[in-house]
Amino acid sequence: MLFEVKHSNNNHYATVVIDNILCVPHCHTSYEILFVIEGRIVANIDGREHIVSKGECVVILPMQIHSYCTVDNSKAEISIFSNDYIFDFYNETKDKEFENPVLSYNLSDVEVLKKSNDRFEIKSILYKYCSSLMKSGIKKADKSNNDLSAKIVLYIQKNFKNNISLKQMANEIGYSYNYLSSYFKTQFGCGYAEYVNKFRLEEAVRMLKRTDKSITQIAFESGFTSIRNFNDVFKKEFGISPLLYRKTKI
């Protein structure tokens, strides 16, 4: 998720390879194509689940709320690119969604997307998959709830490292606390605090795996207000302490 947010800027293209992907529901202004190289991955897009198997990819449109969960041991390559990178396609599909965002792919295309420095070669492959997506069926997107959900997700993505409350978020995005509280449980299937903690845990796991920072540093830099709270939330989610996770998962 942090990779996607960081690279959601103008005329940008980038790739990343991820093993056993697992991420909290999030959204961004860029396009994303996830290619499953090994295993199977569940992609949840705007509340609809799609099983994506080896040899298949799934296309995420700008501002679609999505998450991933590995079913079997998985390896995936993610290509992410800004709206203006495929401007014609963006203009054709703005405010629309696809009947089936899952497609088959050629492994040679994935290799080019990962290794090529030729933007025209990259765009030609991206447009090929855009064309296949158009043929799968297109319809007007239901925006009744998506706009508010996206506002909520973007706000939390930007502020989860701070001590943010639901009341504070309601004031800042212009909704009543009571309405937002009820809406949140209905749309996200969990409480506000639990959802914010999922972002914090994702950031904490990243630092546990990729840095030598102390558990205390990681706790506070992820947005937790105390070591005890961090340990309790972490153990509830993963069944072990952050320290043991670092020792066994790296």
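Good morning, everyone. Please keep that definition in mind, for the structure before you is a predicted model, and I shall begin with the space inside.

Rolling a probe the size of a water molecule over the atoms shows where empty space is left. How many cavities of 30 Å³ or more are counted here? The count comes to one. The largest cavity holds about 40 Å³ of space.

The lining of the largest cavity consists of Tyr 31, Ile 33, Val 59, Phe 81, Ile 86, Phe 89, Tyr 129, Cys 130 and Leu 133. Two elements, β3 (31–38) and α4 (119–135), each give two or more residues to this lining. The greatest contribution comes from α4, with three residues.

I turn now to a pair of helices. Two packed helices are described by the angle between their axes and the distance between the axes. Helix α6, residues 166–173, packs with helix α7, residues 177–188, at an angle of about 110 degrees, and their axes are 9 Å apart. Angles of 65 to 115 degrees count as roughly perpendicular, and α6 and α7 are therefore roughly perpendicular to each other. On the α6 side, the contact is made by Leu 166, Lys 167, Met 169, Ala 170 and Ile 173, while α7 supplies Tyr 177, Leu 180 and Ser 181. By class, this contact of α6 with α7 comprises six nonpolar residues, one polar and one charged.

Finally, a word on confidence. Across the protein chain the mean pLDDT is 88, and 93% of the residues reach 70 or more. Where is confidence lowest, and where is it highest? The lowest mean, 46, belongs to helix α1, residues 2–6, and the highest, 96, to strand β6, residues 56–60. Over residues 1–8, pLDDT stays under 50, and the model has 24 contacts beyond four places in sequence for this stretch.

Thank you for your attention.

How values were computed. Residues are numbered from 1 along each chain as its sequence is written. This is a predicted model: local features need pLDDT of at least 70, side-chain atom pairs count only at pLDDT 80 or more; totals for chains, interfaces and linings use all residues. Side-chain values use heavy atoms; hydrogens and water are left out. On a 1 Å grid over the protein atoms alone, a cavity is a set of points where a 1.4 Å probe fits but cannot get out, and a pocket is an open set with protein on both sides within 12 Å along at least five of seven lines; lining residues have an atom within 4 Å of a point. Grid points are joined across faces, edges and corners, and a volume is the space filled by probe spheres set on the points. Helices (H or I, at least four residues) and strands (E, at least two) are DSSP runs, numbered from the N terminus. Axes are lines fitted to C-alpha atoms, for helices over the stretch in contact, and angles run from 0 to 180 degrees between N-to-C directions. Angles under 35 degrees count as roughly parallel, over 145 as roughly antiparallel, 65 to 115 as roughly perpendicular and the rest as oblique. Contact means heavy atoms within 4.5 Å. Ala, Val, Leu, Ile, Met, Phe, Trp, Tyr, Cys and Pro count as nonpolar, Asp, Glu, Lys and Arg as charged, and the others, Gly among them, as polar. pLDDT is the predictor's confidence in each residue, from 0 to 100.
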